[in-house]
Amino acid sequence: YDAIDAGDNRVIIAGFGRVGQVVARMLRMKKIPFTALESSFEQVAFVRRFGNKIYFGDASRLELLRAANADKAEVFVLAIDDVEASLKTAAMVKRHYPHLKIYARARNRHHAYRLMDLGVAYVERETFRSSVEMGQGVLQALGTSAADATEAGRRFRVHDEDLLRRQQAIHYDEERMITTSREAAQELERVFEQDASVRETK
């Protein structure tokens with residue numbers, strides 16, 4: 001891996017693709033220093049052409065985390081694209097640097113469950129919020145008011161995030177997952193039907 005001049009950076013970003021770069025830009029905007037790690041040499045070469053300071057190396061390796069001064073950091077942004085590499089890194093950070101708050105990007109629901117199994121508290125499914133926002137836009141295009149579409153998106157997001165937490169304990173049991181998913185879909189329909197009837201009576 002590259003020699004790292006991390007100083008006392010408060011944030012380590014592992015994975016400098018779409019997600020990691022957006023987080024980095026927001027930190028840069030607030031003048032918060034960070035250390036960016038990326039295991040793809042091609043990606044490192046590409047982003048360096050745009051003036052980004054980034055280090056090549058595998059963030060699941062303890063010696064790299066030590067070199068990045070993980071013991072002095074406060075937040076670890078886990079934005080690695082490969083699911084297995086992401087999980088391996090999360091396990092390493094949790095084991096050796098339990099003080100670090102891990103903010104993890106999950107590629108899908110199953111990846112989110114496995115991160116949660118490792119004790120990662122802050123998990124963001126990469127397409128979830130943008131998909132909900134698109135759904136709100138579709139509702140508006142079909143005649144739903146902006147306020148009602150926004151509220152529908154909020155209710156759906158709260159319901160789905162609650163379902164994610166409930167299903168974590170059973171995600172290895174396909175039959176129970178199917179059953180709870182069907183029940184949750186019916187439950188969500190009832191919630192929106194009740195909302196509609198309340199609006200009609202007003």
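**Aromatic pairs**

Start with the aromatic rings: three pairs are counted, where rings of Phe, Tyr and Trp (its six-membered ring) pair if their centres lie within 6.5 Å. Select Y103 and Y122, a stacked pair with 4.3 Å centre to centre and 10° between the planes. Stacked means planes under 30 degrees apart, edge-to-face means over 60, and the rest are tilted. Y103 sits in strand 5 and Y122 in strand 6, so the pair ties together parts that are 19 residues apart in sequence. Y103 is partly exposed at 38% relative accessibility, and Y122 is partly exposed at 39%. Here buried means under 20% relative accessible area, exposed over 50%, and partly exposed in between, with a 1.4 Å probe and protein chains only.

This is a predicted model, in which local features need pLDDT of at least 70, side-chain atom pairs count only at pLDDT 80 or more, and totals for chains, interfaces and linings use all residues. Residues are numbered from 1 along each chain as its sequence is written, and side-chain values use heavy atoms, with hydrogens and water left out.

**The whole chain**

Zoom out and colour by secondary structure. The chain has eight helices and six strands, taken as DSSP runs numbered from the N terminus (helices H or I, at least four residues; strands E, at least two). Along the sequence the pattern reads β-α-β-α-β-α-β-α-β-α-β-α-α-α. Along the principal axes, the C-alpha atoms fill a box of roughly 65 × 35 × 30 Å. Of the 202 residues, 36% count as buried. Among contacts (heavy atoms within 4.5 Å) with a separation of 6 or more, 59% join residues 24 or more positions apart.

**The largest pocket**

Next, select V19, V23, V77, Y103 and E124, which lie nearest the centre of the largest pocket among its 22 lining residues. Two or more lining residues come from each of helix 1 (18-29), strand 4 (75-78), strand 5 (101-106), strand 6 (122-125) and helix 6 (128-141). Helix 1 gives the most, with five residues. The pocket volume is about 550 Å³. On a 1 Å grid over the protein atoms alone, a pocket is an open set of points where a 1.4 Å probe fits, with protein on both sides within 12 Å along at least five of seven lines; lining residues have an atom within 4 Å of a point. The volume is the space filled by probe spheres set on the points. By class, the lining has 15 nonpolar, two polar and five charged residues.

**Nonpolar cores**

Now select F76, L78 and L115, which touch the most other members of the 32-residue largest nonpolar core. Such a core is a set of buried Ala, Val, Leu, Ile, Met, Phe, Trp, Tyr and Cys residues joined through side-chain atoms within 4.5 Å. Elements supplying at least two residues to this core include strand 1 (11-14), helix 4 (83-96) and helix 5 (109-117). Another core, of 12 residues, lies apart from the largest one, with A24, L27, V47 and V77 among them.

Finish with the backbone. Most residues other than glycine have a negative phi. Which phi value does K31 have? K31 has a positive phi of about 55°, and is found in the loop between helix 1 and strand 2 (34-38). K31 is exposed, with a relative accessible area of 72%. N69 has a positive phi near 60° and is in the loop between helix 3 (62-67) and strand 4. N69 counts as buried, at 19% relative accessibility.

Conventions
Nonpolar A, V, L, I, M, F, W, Y, C, P; charged D, E, K, R; others polar.
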